Amino acid sequence: MGEVTSYATSLPGYIDLLNTHDFATGTSTSYGGLLTIISTMAWGLGYFGMPHILLRFMAIEDPEKIKLSRRVGTVWVFIAMGIAICVGVVARALTHVGILEELADSERAVIGIAQYLSGFGILPALLAGVVLAGILACTMSTCDSQLLAASSSISENIIHGVFGLKLNEKQTMLMARGTLLVIAIIAVIFARDPNSSVFGIVSFAWAGFGGAFGPVMLCALFWKRCNRWGAIAGMVGGGAMVFIWEYLISPMGGVFGIYELLPGFLVGLLLCFVVSLATAEPSQEIQDEFEKAKAMDKG
């Protein structure tokens, strides 16, 4: 581990807040300036709109545990991001000394390290198996939460809540299964592209969720005046802006190359405020429920 650390620290700009290491030239280059820093920081806005994260808090058995869960979740993010950086550093060091071949796809770094460890006996092989199983566990954990959120949103929130259609238990189940099937087919279509990047797909999906649901979630939690029409406008506008920015504006380059989550989030937040103020305030029942939840949080 000492050799890995020494190698990493010897690279100009490899672990630096404002610079990065250019492996093609072996020199330190600028991280990208203020625009890149803002884009990177904008990733944090996505957490407010992640269904698989919000569901964990919504399903908690005791509201008193929310504060503890919040702290655990925050600490875990630091640990997970730190380990991801360590994996990249170790893979680069192993490649430098010739243990690993130069990876055409950097997303396979953890797999290459696991395969290398498996050649040192039973215990290292078991450790490599745990690493590979962790990849599947992370994928399945996020996948099942997203599928559950999507199916329940279609069958309960949209069909029943928006359109007012009353479905029996069997019809609701069929609707949920149909939603899962459609999403699975779309996922297979994306996965069949050999040139697609997992990071690229996750980045765009993260922006979509954050831009569409993040502003609405914050307004619903902290602003009593937010109403249905403001929430709908925020979700539609924020989600649409993510697509518009990614495919129409971002290709222009320059200052427009910023991460699409930030403009999507800002547009969604603005629309939520403006439309809510321009339309009737929520019913007294909703406002009373807001005050009740606020009092519980203070208590």
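**Note on a salt bridge, a helix pair and a surface patch**

1. At 34% relative accessibility, Glu291 is classed as partly exposed. The model under discussion is a predicted one. Glu291 and Lys224 join their side chains in a salt bridge, with an N to O distance of 3.1 Å. Because Lys224 sits in the loop between α8 and α9 while Glu291 belongs to helix α11 (residues 284-298), this pair ties together parts that are 67 residues apart in sequence.

2. The partner residue deserves a remark of its own. Lys224 has a relative accessibility of 33% and therefore also counts as partly exposed. The count of salt bridges comes to one under the rule applied, which requires a side-chain nitrogen of Lys or Arg within 4 Å of a carboxyl oxygen of Asp or Glu.

3. The helices on either side of that loop may be considered next. Two packed helices are described by the angle between their axes and the distance between the axes. For helix α8 (residues 198-222) and helix α9 (residues 228-249), the packing angle is about 155° and the axes are 7 Å apart. Angles over 145 degrees count as roughly antiparallel, so α8 is roughly antiparallel to α9. The crossing in which α8 passes α9 is right-handed.

4. A separate point concerns the surface. Val75, Trp76, Ile79 and Ile83 make up a nonpolar patch there, and their accessible area together is about 410 Å². Ile79, one of these residues, is located in helix α4 (residues 66-96). Its relative accessibility is 40%, so Ile79 counts as partly exposed.

How values were computed:
Residues are numbered from 1 along each chain as its sequence is written. This is a predicted model: local features need pLDDT of at least 70, side-chain atom pairs count only at pLDDT 80 or more; totals for chains, interfaces and linings use all residues. Side-chain values use heavy atoms; hydrogens and water are left out. Patches are made of residues with over 30% relative accessible area and no salt bridge: like charges are joined within 9 Å, nonpolar side chains (Val, Leu, Ile, Met, Phe, Trp, Tyr) within 5 Å. Accessible areas come from the Shrake-Rupley method with a 1.4 Å probe; for residues, only the protein chains shown count as cover. Helices (H or I, at least four residues) and strands (E, at least two) are DSSP runs, numbered from the N terminus. Buried means under 20% relative accessible area, exposed over 50%, partly exposed in between (1.4 Å probe, protein chains only). Axes are lines fitted to C-alpha atoms, for helices over the stretch in contact, and angles run from 0 to 180 degrees between N-to-C directions. Angles under 35 degrees count as roughly parallel, over 145 as roughly antiparallel, 65 to 115 as roughly perpendicular and the rest as oblique. A crossing is left-handed if the near helix is turned anticlockwise from the far one by less than a right angle, and right-handed if clockwise.
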